[in-house]
Amino acid sequence: MKQSKWMSVLVIACLVVLSITTLAPFLWMILTSLKPLQEVEQSSILPSAANPGNYSEVFQQVNFSRYYANSVFIAAWVTLLTLLTSSLAAFSFARLKWSGRDSLFKLYLATMMIPGVVTMIPNYTIMVKLHLLDSFTGLIVPASFSAFGTFLLRQFMLTIPPALDEAAYIDGATPWQIFAEVALPLSRPGLITLAVFTFMGNYGSFFWPLVIVKSDQLRTLPIGLMYFDSMYGRTTNLLMAASVMSIVPPALLFILLQKHLVKGIQLGAVKG
Amino acid sequence: MKVSRKTAILFLLPNLLGFLVFTFGPVFFSLGASLTDWNLQEPGQTSFVGLANFAELLLDKKFWLYFVNTVYFLLGMPFAIAGSLFLAVLLNQKIKGMVAYRTLLYLPSFTSGVALMILWKALYNPTFGPINQFLLATSRVLHLPMDVPQWLLSTKNILGLEPEKLGMTGTQFGIGARDALILMGIWMSIGGSNMLLYLAALTNVPEDLTEAAQLDGASRWQCFRAVTWPSLAPTTFFIITMGLIGGLQGGFEQARVMTGGGPAGSTTTLAYHIYSKAFEEFRIGYASAVAWILFAIVFAVTLAHWKFGSREATDL
């Protein structure tokens, strides 16, 4: 459709206004993280002098590097396990023919509607029984089986032309070889999308760590931030420094990978 | 390819095991628990109580208040969805720097979570928060006296719902904690996945259709109403379904991090209510009953939406 000149100006103007609305809170967060506390309360816009000392102060007040390490460690393990379990199951649902497959798949889909709080309580009591409260295992294992991930990778594997694995099958390849050498490489975009979203979801995961973690040693970033906020809630400048530090890695990750991710989201309708 | 069931199940097994232990089993386990008075602080004293938990919650005024709160938070959804569509239409106009805008607008939803909620708590601070500072500065420039909202500290709301009571009153009319959380939610989600889904759907709208409509003299708006909007119906349907499922069980993180469920319980949703019953009062049985009611609500709403919404989606 042809674009009149004033129309494009209007479009750009709207986008600029909305971008400023999106960015302003982030900008305020960064500026506040550099202010001494009294300037926060005076609501000055710019800090009188940049005060990067707030950032090192955070590490002195709480075990922030530990929270970082925990979040990354847990998210990495969950991502690895989820990719493994989901891709195997997706291959079975998408590329193998066996009786009962479609009804089981529908059951998988239906469970995606169950509210997290319904399964959360029994899972908590399972962890109590297995003495896995306050442990990395208790944080990692229950998060590593994703019906959604299975669904997403199945959608990707369905798009692989059947001729490819049929040919390999006739040449005598086992299903395991076809999985590893045909299906996995061809599902790369799906695997990347699932990996990033699983990683991000668990890096920022709140509910499960909140009920499982008891000791400071096991706190993840979101839990650590929450306690930091409830203990030092008045030191807005330090809180903002901590918040900046926890969102910079995911923001960079997104900017670097955005091309892959946008495609993956649009194909698989990822909740973000 | 056709394989034996044994091979197929072997592929499935790791995921299936987790599914059985952490999803399928717990669903039934939780249904059973909802019929007991199980309390983690009184081990060994659990007994079967039938439907007593359900009777208790249906007679509990708090349950209904929190149900109203949960529904109130859904009021933001149409605005968030319309906003996402508006952004997608803007980005679809073949402009320079589209990728840069798209990346920037997606950032709040990608980084959402505790850090951003702590940020918004500070933004909403009634005295030194930048939002009220901005409102005050605007009112000074325009010479309009203004009572700035108290945001997270206020029980006021745009429907005038009374605090701790089922009813409405003129004195509660205004902007308060619930509205603050809704506005934050719109800011976080407007440039997110819904926008990307609309953007993908817009590129699939057949161009000859819109061009034919233009040749017939349709205005831009008519063209959007008659051609674009109907062809987006499946996407809209999907977005509303996911929004309802997510929205009805939402509000937990906001309540835990930003408001503690207050003031006067006004930001406590059913999800947060279940959390406090289970993990603060340790009433596992009762919390399971509330969780099942929430499940039933989600299920009924989704089903109704499918039944009535999908007919519309295909009719258009």
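A cavity, on a 1 Å grid over the protein atoms alone, is a set of points where a 1.4 Å probe fits but cannot get out, and a residue lines it if it has an atom within 4 Å of a point. Its volume is the space filled by probe spheres set on the points, with grid points joined across faces, edges and corners.

View 1. The largest cavity takes up about 70 Å³, and the structure holds one cavity of 30 Å³ or more. Who lines this cavity? Ile74(A), Leu139(A), Ala143(A), Asn202(A), Ser205(A), Trp208(A), Pro209(A) and Thr220(A) do. That makes five nonpolar, three polar and no charged residues (Ala, Val, Leu, Ile, Met, Phe, Trp, Tyr, Cys and Pro count as nonpolar, Asp, Glu, Lys and Arg as charged, and the others, Gly among them, as polar).

A quick note on the model: it is predicted, so local features need pLDDT of at least 70 and side-chain atom pairs pLDDT 80 or more, while totals for chains, interfaces and linings use all residues. Residues are numbered from 1 along each chain as written, chains are lettered from A and ligands numbered from 1 in written order, and side-chain values use heavy atoms, without hydrogens and water.

**View 2. Where chain A meets chain B.** Here 95 residues of chain A touch 92 residues of chain B (contact means heavy atoms within 4.5 Å). Together the two chains bury about 8,400 Å², with 78% of it on carbon and sulfur atoms; buried area is the accessible area (1.4 Å probe) that two parts lose on being put together, summed over both. Look for Asp229(A) and Lys121(B), a salt bridge with its closest N and O atoms 2.5 Å apart (the rule wants a side-chain nitrogen of Lys or Arg within 4 Å of a carboxyl oxygen of Asp or Glu).

**View 3. A cis bond in chain B.** Gly262(B) and Pro263(B) are joined by a cis peptide bond, with omega about -5°. Pro263(B) sits in the loop between α13 (252-259) and α14 (270-279) of chain B (helices are DSSP runs of H or I, at least four residues, numbered from the N terminus).

**View 4. A positive phi in chain A.** His131(A) isn't a glycine, yet its phi is positive, about 55°. You'll find His131(A) in the loop between α6 (116-129) and α7 (136-140) of chain A. Most residues other than glycine have a negative phi, and most peptide bonds are trans.

Conventions: 1 Å grid on protein atoms, 1.4 Å probe; cavity = no way out; pocket = protein on both sides within 12 Å on 5 of 7 lines; lining within 4 Å. Helix = DSSP H or I, 4+ residues; strand = E, 2+ residues; numbered from the N terminus.
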